[in-house]
Amino acid sequence: MKILITIKKNSVAPRFDLASEVLIALCEGQQILGKPRTILMTRPSAEDLCALIIKEGVNTVICNGIEESHLQYLVWKKMRVIDSVVGPYGEALKAAAGGFLQSGTILSGARERK
Amino acid sequence: MESTDPARLDNIEITEILNGIPHGCVILDKELCIIEMNSSIVLLTGFTVAEARGVRADSILRCNIGDSGKLFRKVLDTGETLSVEGNIITQDHKKKPVHFTVSPFKNDKGHTSGLFLFLEDISILHTFDDDGSGRDGVKDILGHSTKMLEMLELMPVLAHTDASVLITGETGTGKDLVAEALHETSKRSRHPFIKINCGALPESLLESELFGHVRGAFTGAVKDKPGLFRLAQNGTVFLTEIGDLPLALQVKLLSVLDDKEFFPVGGIKKEKVDVRIVAATHRDLRKLVKRGQFREDLFYRLNVLRLHLPALRERDGDIRLLLDYFLRKFNTGLNKSIQEYTGEAVEVLTAYHYPGNVRELRNIVEYAVHICQGKRIKKECLPEYVVSPQVDVEVIEKQQTIQASVVESPRDQPEHSVLVSKGWSDVEQEMIIDALKKTGGNRTKAASILGWGRTTLWRKLNRYGLH
């Protein structure tokens, strides 16, 4: 399973359309395979991001705020979208690999003061 | 900390006060994490107060006000209130325009100890922009039929190249929308998108509009005028109805495409332009080339990338999707509370063949929403020509006969072809006259009934001499 997370610093990016960095990881049997890679977008654009997601053959997209049109587009493309996820992306990735991440989750790390 | 944390002073009281304010209110600490927020914010974000407490505000609010952290820090540092306009993504995935006011929260020693955010929904101010124009841009391209999915898959690829694109498809299939979407998702999106209807202006005017003119080029040319090509510098020029472009201008357009430069009308100095050309037509350009009405070299130059938009009758399942989408859209726009279509109405609407494609479907739904007085759109609320299919069957049959006759033997049996074409013209003329009679001569309404654009009706009126 290929997972893509829109990220900003150490957290899930607040908005899909304004995300300029994504993390892509491969998971199998609740394990993360290898080192996840990050891709920097040339500019934040929901359309470019959708194109990248299709190109990469991603199965699951984890993000926070996402507009209806982009959400519907990804769902039509048979993608699983887990949205409104708040907190550190590492924690989100582990939870998604474990199969227990749901839309609207505020992860425990979201409250840790840096 | 206790003395600087306003929410802790009297938590219940503060929550009650905030909930009494009919706008979004949020209190942040110095680390920009949420201390308290009111029920308006809960409604907008979908996160409860308990969930959001201690979490950074930008993750909960999902706003776009630049780098919100920087803005908030500025208010913390300067102690001055700031107001900005932006938007947030709501829990139901809508982008809501919001006016933000960020004020410092001061403790009894006068030191800034947190921030107060005031969020005012300004959707109403944007309503005209969204609905008044009747088009919503990229997000309006809907469809989950195989043909549409194929097209949607191809669009990002076409958007990322700089080659010319030729969009073909019947009238009302959304060629303009797709052209704009290609521009919006291309690297030229920050530059102008200029649409030119090649069939709407006479040749002499069109040349001046496209390429501009210099002072004194012709009577009335009192000053230099930049053409639309120059105005679209670094952007996209969308040439709609390219099949109607006069032959003389086709040569000039070809030279722009090849050399990226042209002479303005009456000018002696070449102008350089860097634009992407997207062209669209509902005509069969190959046929026009065969008839000598369209230059073959220009056809091949434009036909680098081709996008064919399927007719609505070829898009399985999309009719229902579009019916629901336009019902929601007009419900909101016209302040109606219609919930659904009756089974009978759906049957009629899905069986109809939509010669005017999505534009016609949109107009039918708009008509029905206007007419419907109840909570459900019934068969009786639909236009007569949709409910009574006799005329339409006749039209389809004639259309098929014309296509068959043209495809089978255009050269061997020219007389037969002409005869059938004449029959179709008669039917079309009758349809136009009927529509004009129904609307008391109002061409905009007549075009709407026929499922055409006003330009198409104007062209056909000219062709048949019906003025």
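Student: Leaving aside its neighbours within four places in sequence, which residues is L361(B) in contact with?
Tutor: This is a predicted model, so keep that in mind throughout. In it, L361(B) is in contact with L312(B), I319(B), L322(B), F326(B) and Y354(B), once neighbours within four places in sequence are set aside.

Student: Okay, and which residues have the most contacts inside the largest nonpolar core?
Tutor: Those are V237(B) and L361(B), and that core has 62 residues. Helix 15 of chain B, residues 318–333, gives the most to this core, with 6 residues.

Student: Why does this core lie between domain 2 and domain 3 of chain B?
Tutor: Because domain 2 (140–308) and domain 3 (314–388) of chain B both give residues to it. As a general point, nonpolar side chains in soluble globular proteins tend to be buried together.

Student: How many residues are in the other core, the one that lies apart from it?
Tutor: That other core has 60 residues, among them L49(A), V61(A), I35(B) and L44(B).

Student: Those names come from chains A and B. How many residues of each chain are in contact with the other?
Tutor: 21 residues of chain A are in contact with 20 residues of chain B. On the chain A side, the elements giving two or more residues are helix 1 (46–56) and helix 2 (68–76). Helix 2 of chain A gives the most, with 4 residues.

Student: How does that side of chain A divide into nonpolar, polar and charged?
Tutor: The side of chain A that touches chain B has 9 nonpolar, 6 polar and 6 charged residues.

Student: New topic, sheets! In what order do the 5 strands of the open sheet in chain B come?
Tutor: The order is 2-1-5-4-3, and the pairing is antiparallel. Strand 2 (34–37) and strand 3 (82–89) of chain B are the edge strands, each pairing on one side only. From one strand to the next, the twist averages 30°.

Student: How many bridges are there between strand 1 and strand 2 of chain B?
Tutor: Strand 1 of chain B, residues 24–29, pairs with strand 2 of chain B over 3 bridges, in the antiparallel sense. V26(B) stands opposite M37(B), and the bridge partner of I27(B) is E36(B).

Student: Which residues of helix 3 of chain A are buried?
Tutor: Helix 3 of chain A covers residues 89–98, and its buried residues are Y89(A), E91(A), A92(A), L93(A), A96(A) and A97(A). What covers them includes strand 1 (2–8), strand 3 (21–28) and strand 4 (31–40) of chain A. After helix 3 of chain A comes G99(A), with a positive phi near 85°.

Student: Last one: how many helices and strands does chain B have?
Tutor: Chain B has 22 helices and 16 strands. Of the 467 residues in chain B, 32% are buried.

Methods. Residues numbered from 1 in each chain as written. Chains lettered and ligands numbered in written order. Predicted model: local features only at pLDDT ≥ 70, side-chain atom pairs only at ≥ 80, totals over all residues. Contact = placed C-beta atoms within 7 Å. Nonpolar A, V, L, I, M, F, W, Y, C, P; charged D, E, K, R; others polar. Core = buried A, V, L, I, M, F, W, Y, C linked by C-beta atoms within 7 Å. Buried ≥ 20, exposed ≤ 12 C-beta atoms within 10 Å, placed from the backbone. Domains from an automatic or database assignment. Pairing = 2+ DSSP bridges. Axes fitted to C-alpha atoms, helices over the stretch in contact; angles between N-to-C directions.
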